[in-house]
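Here is a friendly walk through one protein structure, written for someone meeting it for the first time. Please keep the view open beside the text as you read.

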Amino acid sequence: MSIGATIKKLRIARNLTQEELASHLGITSKAVSQWECNRTSPDISQIPALCNFFQISADQLLSINLPKSEKEKQDILHRYYELSRKGYLKEGWELLLEGITKFPTDYSIMMHLSLCGNRLCKFIETDQQKKDSIANQCAEYCKRILDGCTDDFIRHAAVSNLCTYYAEKGEIHKAEELAGKMPIIVMSQEFLFSNIYSGTKQKDAKQRVKQILLDLLLKRFESNCKLDTGEDLYSLEEVTILRDKKIALLELLFEDGDFGFYSAGLSAFHEASARHYASLGNVERSLDHLEKAANLAIDFITFMQKGSFTHTSIFLKGMVEKSNNVSLNSGDNQAALTLKNMERKEYDIIREAEKFKNISAMLEPYINIRL
């Protein structure tokens, strides 16, 4: 890429006109136009000013050693994928911030920054100022993507994140406007692939669609919301009933107990039910759910260590899940999370029970395993 093309790309990414860039550099807009048309090149004395303004190195401005730069960028993204997959969101966020200073116009890094930031915000409960700062940064990167990026995948990710940002700020009309421009679910790539393929590839594509639909259903199965009257859609008792139905659904679909990836979620569902029944004084039912939560937590860790898992139940028969495609929500594994939840006061009523102690002892050897 010529230096003129590089300057043009950087200028557009900053959403600047030629006149605005020229004003910042103390030159005429005609000079900028000449650069971008490759009729002339910046004087060597102007290189430091351009690098400083765009926050890039002279090598990047002059397109020197691009393979090395591309490798460095891919290394950053690969390291981020590993951190994100294991639930180390804070470390991933900091790594991407370093990456964007080196590659300030790279839309893929901007996209991952917005995705990571949105996930990170969900775990910040006490520091609202920090949460707002991260959310605002994510929104700015999304806006820059929509202003200059032509990659549909990256643009769709930016729209999704901006919708969340506007909704949480109460700017519903902006969120609606963006959401209304997105394709409906049956126009997604997964649905289209399931229609155009045949044979084994079609089987794989259709199973992927079923898995996605199941994931969406599970995430929204017991989701509560405030009605216009101010009342909750579901009572606490109804939330519990829905959670039990969610557990029953998974057990129905995976009759062989081949939960694979779903072991982690199912473990969390059982632990939540165990906590609820403990709070009601139902010792037997609480311990039963807690034991299932512990066993499923260990199953999930085993699946992650093994690296792959093949379903045998009819619903996803033959589908192979790979652990390196699974993203964790925190650095703790499921056994550690279950043990941590077992410290909550709701369990005081069953803490001295022999079965409770056995469950704790069963989980203990697994809590320091890094996934």
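Tyr 347 is buried, because its relative accessible area is 0%, and buried here means under 20%, exposed means over 50%, and partly exposed covers what lies in between (1.4 Å probe, protein chains only). Phe 356 also counts as buried, at 6% relative accessibility. This is a predicted model, in which local features need pLDDT of at least 70 and side-chain atom pairs count only at pLDDT 80 or more, while totals for chains, interfaces and linings use all residues. Residues are numbered from 1 along each chain as its sequence is written, and side-chain values use heavy atoms, with hydrogens and water left out.

**Aromatic rings**

How many aromatic pairs does the structure hold? There are 11 of them. Rings of Phe, Tyr and Trp (for Trp, its six-membered ring) pair if their centres lie within 6.5 Å; planes under 30 degrees apart count as stacked, over 60 as edge-to-face and the rest as tilted. The rings of Phe 254 and Tyr 262 are a tilted pair, because their planes meet at 35°, with the centres 5.5 Å apart. Phe 254 and Tyr 262 are both buried. Tyr 347 and Phe 356 make a tilted pair too, with 6.0 Å from centre to centre and 50° between the planes. One aromatic cluster is formed by Phe 254, Phe 259, Phe 261, Tyr 262 and Phe 315.

**Charged side chains**

Side chains of opposite charge can pair when their charged atoms come close. In a salt bridge, a side-chain nitrogen of Lys or Arg is within 4 Å of a carboxyl oxygen of Asp or Glu. Searching the whole structure gives 18 salt bridges. The table shows some of them.

| Salt bridge | N to O distance |
|---|---|
| Glu 140 and Lys 143 | 3.6 Å |
| Arg 275 and Glu 271 | 2.6 Å |
| Arg 344 and Glu 346 | 3.9 Å |

Salt bridges with shared partners also link Glu 70, Lys 73 and Asp 106 into one network.

Helices are DSSP runs (H or I, at least four residues), as are strands (E, at least two), and they are numbered from the N terminus. Glu 140 and Lys 143 both belong to helix H9 (residues 128-148), 3 residues apart, which is about one turn of the helix. Glu 140 is partly exposed at 43% relative accessible area, and Lys 143 is partly exposed at 29%. Are Arg 275 and Glu 271 buried or exposed? Both are buried. They lie in helix H15 (residues 262-279), 4 residues apart, again about one turn of the helix. In the remaining pair of the table, Arg 344 is partly exposed with a value of 36%, and Glu 346 is partly exposed with a value of 23%.

Arg 85 sits in helix H6 (residues 66-85) and counts as buried, at 11% relative accessibility. A polar contact is a pair of N or O atoms within 3.5 Å; within protein, one must be able to donate a hydrogen and the other to accept it, and residues adjacent in sequence count only if both atoms are side-chain atoms. The side chains of Arg 85 and Glu 82 are joined by such a contact, of 3.5 Å. A polar atom of the Arg 85 side chain also lies 3.2 Å from the backbone oxygen of Ser 323.

**Cysteines**

A disulfide is a pair of cysteine sulfur atoms within 2.5 Å, and the count by this rule comes to 0. Cys 138 is in no disulfide, and its nearest cysteine sulfur, that of Cys 121, is 5.8 Å away. Cys 138 is buried, with a relative accessible area of 2%. Cys 51 counts as buried at 10%.

**Backbone turns in loops**

Most residues other than glycine have a negative phi. Asn 15, which is not a glycine, has a positive phi near 60°. Asn 15 lies in the loop between helix H1 (3-13) and helix H2 (18-25), and counts as exposed at 53% relative accessibility. Gln 55 has a positive phi of about 60° as well, and its place is the loop between helix H4 (47-54) and helix H5 (58-61).
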